[in-house]
Amino acid sequence: MSEIENDEAVRQGRARSRKKDAAPAPAEEPTQTRIQLPPYQTVALMLQGGGALGAYQAGVYQGLHEADIHPNWIAGISIGALNTAIIAGNAPEHRVTRLLEFWATICQPAFGFPLPAFLERALFDSADEIRKAFTAWQAFGAVVEGQKGFFVPRFPPPSPIASTSPQAASYYDTAPLKATLERLCDFDRINSGETRVSVGAVNVATGNFAYFDNTRITLRAEHFIASGALPPGFAAVEIDGQFYWDGGLMSNTPLYEVAMATPRRDTLAFQVDLWSARGPVPDSIVDVMGRVKDVQYSSRTRLVTDQMQRAQRARNVLQHVLDLVPEEIRKNDEWCRIAEDLACSKRYNIIHLIYRQKEYEGHFKDYQFGFSTMREHWESGLSDIRRTLAHRDWLDMPNGESRFVTHDIHRDER
């Protein structure tokens, strides 16, 4: 049986979705020892944007669930925000099932019926050239027809020059996504404070980045949809009189938001990226288009992490120096008081999980919603997190002068 479902289960799950919108059977979980984490104050799951690649994040979450690791802060951008809504909006025992239902839904054509599962799988498992042509055809279908429970083309298409309302200035309508989120997510649970939830978007009028956070406001479906409203495909979303676009336009990862939050806390963060900053130099126009997306949306995760590591090292050194200063001086010296605001001896452990592009994928990989491709993305995420968690020492609280450490299964196993 597949890590997610065998082909018969896929067929039955799709049939139930068409009839009753019921969930297909979730992946079977292997017998696995539950992991007891060190006493981190924050266990964060950070989900980058990347469209159809987001099934990789669902696989990562399944692996965390298997290990009985339940983040107390989930932050996402774009498709990462939608996965955040599904995870935070359900009880832990239902989250994998709901994620699978979400992805099984949006990986179907908006109109008509998908290919029979056995035929889709046969085409997907064919020779490389057939698979490339088949996945390109599926991406073309998403452009022309949209995806069920996600987005549909506007008809008639918008004029490129005629003025309209901001909510209609796009090629696709995401009204189906609102209905999907409200069906699959319990927003009372999201806003209960059980888990901290943050999703990023860009204010269209000011150009400023904004985080919608359930510790500050009451989150609705619109906040998550706004985080994924990538123009000109999707329209800006109005929230309290302001209009918002996809947060990936400015920063496609919530890493900085979580790691720089104050007051600072001992933190274990799983950073799940869908775009790799590293990759081959392209030698065709099609490959150039794909590589541009990799560079644009990778958000330079490792560069940002390195900068944060240096900053935390400086805070930790400053804290050690302050500890050598007599208490009376620390209380009365202005520079010592300023230094105390800057100093920090908290510990940060960043676990990177970065999707690795498959040979058959083209520049359309972020809007190619084929079910077989989704299953392969999911299984890649599940495999990567299982291999990561097998290194139990990687979860230890870091020590040393920086008290900041990073791990990446694709880097550290080379």
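On a 1 Å grid over the protein atoms alone, a pocket is an open set of points where a 1.4 Å probe fits, with protein on both sides within 12 Å along at least five of seven lines, and its lining residues have an atom within 4 Å of a point. The structure is a predicted model, in which local features need pLDDT of at least 70 and side-chain atom pairs count only at pLDDT 80 or more, while totals for chains, interfaces and linings use all residues. Residues are numbered from 1 along each chain as its sequence is written, and side-chain values use heavy atoms, with hydrogens and water left out.

**Largest pocket**
- The largest pocket holds about 720 Å³ of space, a volume being the space filled by probe spheres set on the grid points.
- Its lining comprises 31 residues, with Leu230, Gly233, Phe234, Asp366 and Tyr367 nearest the centre.
- By type, the lining of the largest pocket has 19 nonpolar, nine polar and three charged residues, where Asp, Glu, Lys and Arg count as charged, Ala, Val, Leu, Ile, Met, Phe, Trp, Tyr, Cys and Pro as nonpolar, and the others, Gly among them, as polar.
- Helix H11 (285-297) is one of the helices that supply at least two residues of this lining, and H11 gives the most, with three; helices here are DSSP runs (H or I, at least four residues), numbered from the N terminus.

**Second largest pocket**
- The second largest pocket has a volume of about 570 Å³, and among its 28 lining residues Pro280, Asp287, Asp294, Gln357 and Glu361 lie nearest the centre.
- H11 gives the most to the lining of the second largest pocket, with five residues, and that lining divides into nine nonpolar, six polar and 13 charged residues.
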